[in-house]
Amino acid sequence: MDQKTITKLSSPPDEDAEVLVSQPETPVSQRIRARLRNARERFHANDNIARFIEPGELQQLLDEVEVKMLGVLESLVIDTEGDHNTQDTARRVARMYVTEVFRGRYNPTPEVTEFPNVEHLNELMIVGPITVRSACSHHLCPIIGKVWIGVMPNEHSNLIGLSKYARLCDWVMSRPQIQEEAVTRLADLLQGRMQPDGLAIVMEADHFCMQWRGVKDTDSKMINSVMRGSFLKDPNLRREFLALLQRRSA
Ligand SMILES: [Zn+2]
């Protein structure tokens, strides 16, 4: 065995991954992916990966997406030099994905202060409609709709300010996903923060992958609901919530 072979055999098995993380010339998406893989973290379209992005890297990610997006436009045989309308499209789309419509993947949870339920409120609270903007993970087509949240607090629950529901909802929704999973994610987040006796979420949305492409059905909406705790156990509470929604949206 020559010296070279011995060196190679004595290397730790995951040395390749380490090298990938530390080399600055590696594309930023690969560096972030290597960190996720090393930590055995999932990075599906609707997962938040903010913890794995270092300061300054979001800007580099935007630059990388711009280059790739320009490649897509070139492959679509769109004249990005001659057509003045598409000259900056790659940059605009990259910025839209990274900093706007998918920002819920790259930014940490919004700061939301929970406060104790000092008044011991135990009446049904309904928040909504909150406007929802998301995208389907199959086609990256918009999903635009509304969400209603019902909360049944107990004396130990934490409460959050009215506007904070919208901020948390926006953070969860600004990712590519499917509606069923989006609603569950939002329920998990609110349940963890507030620890209410019951939580109910209803989402109604237009799916542009039904309207813009595919069957081109412009009237269909998808409605999903999640019921937890007392909303699941108490049919009267569930009825009260749904009846109030119907009156509101009529
Ligand atoms: Zn779709």
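This is a predicted model: local features need pLDDT of at least 70, side-chain atom pairs count only at pLDDT 80 or more; totals for chains, interfaces and linings use all residues.
Residue numbers start from 1 along each chain, following the sequence as written. Local features need pLDDT of at least 70 and side-chain atom pairs count only at pLDDT 80 or more, while totals for chains, interfaces and linings use all residues.

**View 1. V147 and its surroundings.** V147 sits in strand β3, residues 142-152 (strands are DSSP E runs of at least two residues, helices H or I runs of at least four, numbered from the N terminus). V147 counts as buried because it has 24 C-beta neighbours inside 10 Å; the buried cut-off is 20 or more other C-beta atoms within 10 Å, with C-beta atoms placed from the backbone. Leaving aside neighbours within four places in sequence, its contacts (C-beta atoms within 7 Å) are G128, P129, I130, V132, C169, I201 and M203.

**View 2. The largest nonpolar core.** This set has 30 residues, and V147, C169 and I201 have the most contacts inside it. A nonpolar core here means buried Ala, Val, Leu, Ile, Met, Phe, Trp, Tyr and Cys residues joined through C-beta atoms within 7 Å. Among the elements supplying at least two residues each are β2, β3, α7 and α8. A second, separate core of ten residues includes I32, L61, V98 and Y106.

**View 3. Where α7 meets α8.** The two axes, lines fitted to C-alpha atoms over the stretch in contact, come within 10 Å and cross at roughly 135°. On the α7 side, L168, C169, V172 and M173 meet A182, R185, L186, L189 and L190 of α8.

Technical notes
A residue is buried if 20 or more other C-beta atoms lie within 10 Å of its own, exposed if 12 or fewer, and partly exposed in between; C-beta atoms are placed from the backbone. Two residues are in contact if their C-beta atoms, placed from the backbone, lie within 7 Å. Axes are lines fitted to C-alpha atoms, for helices over the stretch in contact, and angles run from 0 to 180 degrees between N-to-C directions.
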